[in-house]
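The sequence and model are shown first.

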Amino acid sequence: MAQHKGNRPRWMLHLQAQVWRILMGIGMQLHRLARPLPPSPSFHRYIEATVSPLKGKFRLQFYVPKDYHSRKRLKGGKRYPCVINFHGGGFTLGTAKDDSRWAGCVVDKVGAVVVSVDYRLAPEFPFPTAVEDGADAVLWLAQHADELLLDPERFAVSGFSSGGNMSFTVPLCLQGELNTEDAKSGAGAGHGLDRGPEGEGEHRGSVPTQAHLLAPPQTTTTTTNTASNAALLRPGTSSTNAPTPTGSRIALTRQKSRLDRIAVLRQTGVSSLSLISSYKDGPSVSVLTSSSPLLKIRGIISFYPSTDYTQTREQRRQTCSRTDQQLPAVFTELFDDSYLQPPSLDLAHPWLSPGVAPEKMLRVLPDDVVLFTCEWDMLLAEGERLRDRLEKELGKRVAYHMVPGVPHGWDKAPNPIRESPGARQQYEVACRELRRMFDVDEEGEGEGDEGGD
C-alpha cells in the first residue's frame with residue numbers, strides 16, 4: 001500500500017535525496033561535457049560553520065583568473081573583485097561545481113574570482129542552515145580577503161533557483177541579530193534603527209513579530225541560545241503538535257531523532273550572528289563583524305529564484321503558462337519535505353521568503369539587482385512581484401530579464417553535445433552588469449581561465 005507523502009518516514013526522505021543526488025550528479029557531468037568545456041575549480045577551502053548552531057564544515061570552490069596564482073606568488077598589489085555563488089537544487093540536491101559555466105564566464109568577462117559555496121543540504125540540515133552557511137562564507141572571505149587577493153570593496157552575490165533565493169536571503173541574514181520589539185513599533189523606534197560607522201541611521205535587520213512573522217533564533221558567541229526553537233514556528237504552535245501548512249511536509253512527531261536533536265541544538269547551540277551587522281553604504285551594503293574588516297556587497301545577480309513560500313505549490317503551478325514544462329512534483333515534494341522543517345515553520349520568514357520580507361529589511365539590500373526569470377516557470381510570477389517591490393516601491397535599480405520560451409533551470413540541460421542555447425548570452429548580460437558594479441574598465445581585468453574538466 002502506497003504511503004501518503006506526508007506520512008513518509010524520515011529515513012525514506014534521506015534515501016530519496018541520496019538517490020536523486022547521484023542522478024543529478026550524472027546529469028551535471030553530462031552538462032559539463034559540452035564544448036567549450038567549463039573550468040574546474042582552481043582550489044578549495046573547508047571552513048567552519050559559526051553562524052549556524054549546527055556546527056560542522058563545508059567547502060568553498062574557487063575559480064580564479066589565469067594571472068591569479070602568479071600575482072599571489074609575487075604578493076602583488078592587485079586585488080580581484082569577488083562573486084560569491086550559491087548553487088540550485090531545492091536546498092536538497094546539487095554541488096558548488098554545478099555553476100561552473102557561469103563561474104567561467106564571470107572569470108573570463110569580469111576578471112573576478114568566483115567562490116561557489118557547497119552549503120550543507122537538507123534533509124540532513126533543514127532551514128535555515130543553508131542561509132547561515134552562506135552568511136558564514138561571506139564572513140570568512142571578508143576575514144581572509146588579504147591572503148586571497150580579494151578586494152573587500154567589490155563583492156557581489158549570485159545564485160540559481162534555491163541559490164537565487166539565497167542571493168537575497170544571505171544578505172538579509174547578514175543584517176544581524178533580530179530586534180523584535182522595535183520591529184513592532186516601526187522605523188526609528190527604540191534601537192530598531194542602528195547606526196553606521198559615522199552615526200548615520202541605518203536599519204540592521206529587525207524582523208516584525210506580528211502574527212505572520214517570527215524571528216530566527218537569537219544567539220551569542222558566549223552564551224547559549226535563549227530563543228527557543230519555536231522562534232522559527234508559526235505563532236501558537238509547538239514543534240510536536242503543529243499543523244503542516246502545505247499538507248506535504250513530514251510531521252515532526254514521526255521522527256523524534258534527527259529533527260529533535262536539531263531542535264535542541266537550535267535552543268542550546270551558539271552562533272556568531274550577534275557579532276554581525278550591516279548597513280546601507282550608498283548604493284552598496286557594508287558588512288561588519290567585531291573581528292573582520294569592512295566588506296562591501298555591490299549587487300545581487302539572481303537566476304530564476306524562489307522568493308515566496310507563502311504560495312503553495314498548487315498556487316505556483318497555476319501561474320505557469322506551460323504545465324508540461326513544470327518541475328515535477330516528485331522534486332518539489334522532496335525539496336519542501338526536506339528543507340521546510342519543522343512542519344510549523346513560518347513560511348513568511350524573511351530568510352525563506354524574501355519576496356514578502358518587511359520593507360525595512362529589503363531597503364537594506366544593495367541597490368543593484370540583476371534578476372532573470374523563465375517564461376515557462378512556476379516561479380515567474382513571484383519573481384515579477386519581487387521585481388516590482390524592489391523597483392517601484394523601494395527605488396532600486398533592477399535589471400530584469402525574462403528569458404522567453406524556456407523552463408526553470410533551462411541553462412543546466414544534461415546535453416553533452418552542446419551548451420544550453422542562449423545560456424552563455426544571458427550570462428554575458430549579467431557579466432556586463434557586474435563590470436559596471438565593479439567599475440571594471442572595458443580594457444581592464446577580463447582575462448580568465450579557459451580550463452576544462
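## Conventions

Two residues are in contact when heavy atoms of each lie within 4.5 Å. The model is predicted: local features require pLDDT of at least 70 and side-chain atom pairs count only at pLDDT 80 or more, while totals for chains, interfaces and linings use all residues. Residues are numbered from 1 along each chain as its sequence is written, and side-chain values use heavy atoms, with hydrogens and water left out.

## Overall architecture

The protein contains 12 helices and 12 strands, taken as DSSP runs (helices: H or I, at least four residues; strands: E, at least two) numbered from the N terminus. Of its 453 residues, 58% are buried, that is, under 20% relative accessible area with a 1.4 Å probe and protein chains only; exposed means over 50%, and partly exposed in between. Among contacts with a separation of 6 or more, 78% join residues 24 or more positions apart.

## Nonpolar cores

A nonpolar core is a set of buried Ala, Val, Leu, Ile, Met, Phe, Trp, Tyr and Cys residues joined through side-chain atoms within 4.5 Å. The largest has 65 residues, and Leu 60, Phe 62, Ile 84, Leu 141, Leu 174 and Tyr 339 have the most contacts inside it. Helix α4 (residues 129–143) supplies the largest share of this core, nine residues.

Leaving aside residues up to four places away in sequence, Leu 174 touches residues including Ala 135, Val 138, Leu 139, Ile 276 and Ile 297. Another core, of 31 residues, lies apart and includes Phe 160 and Phe 372.

## Helix α1

Helix α1 spans residues 10–33 and includes Leu 30. Leu 30 counts as partly exposed because its relative accessibility is 33%.
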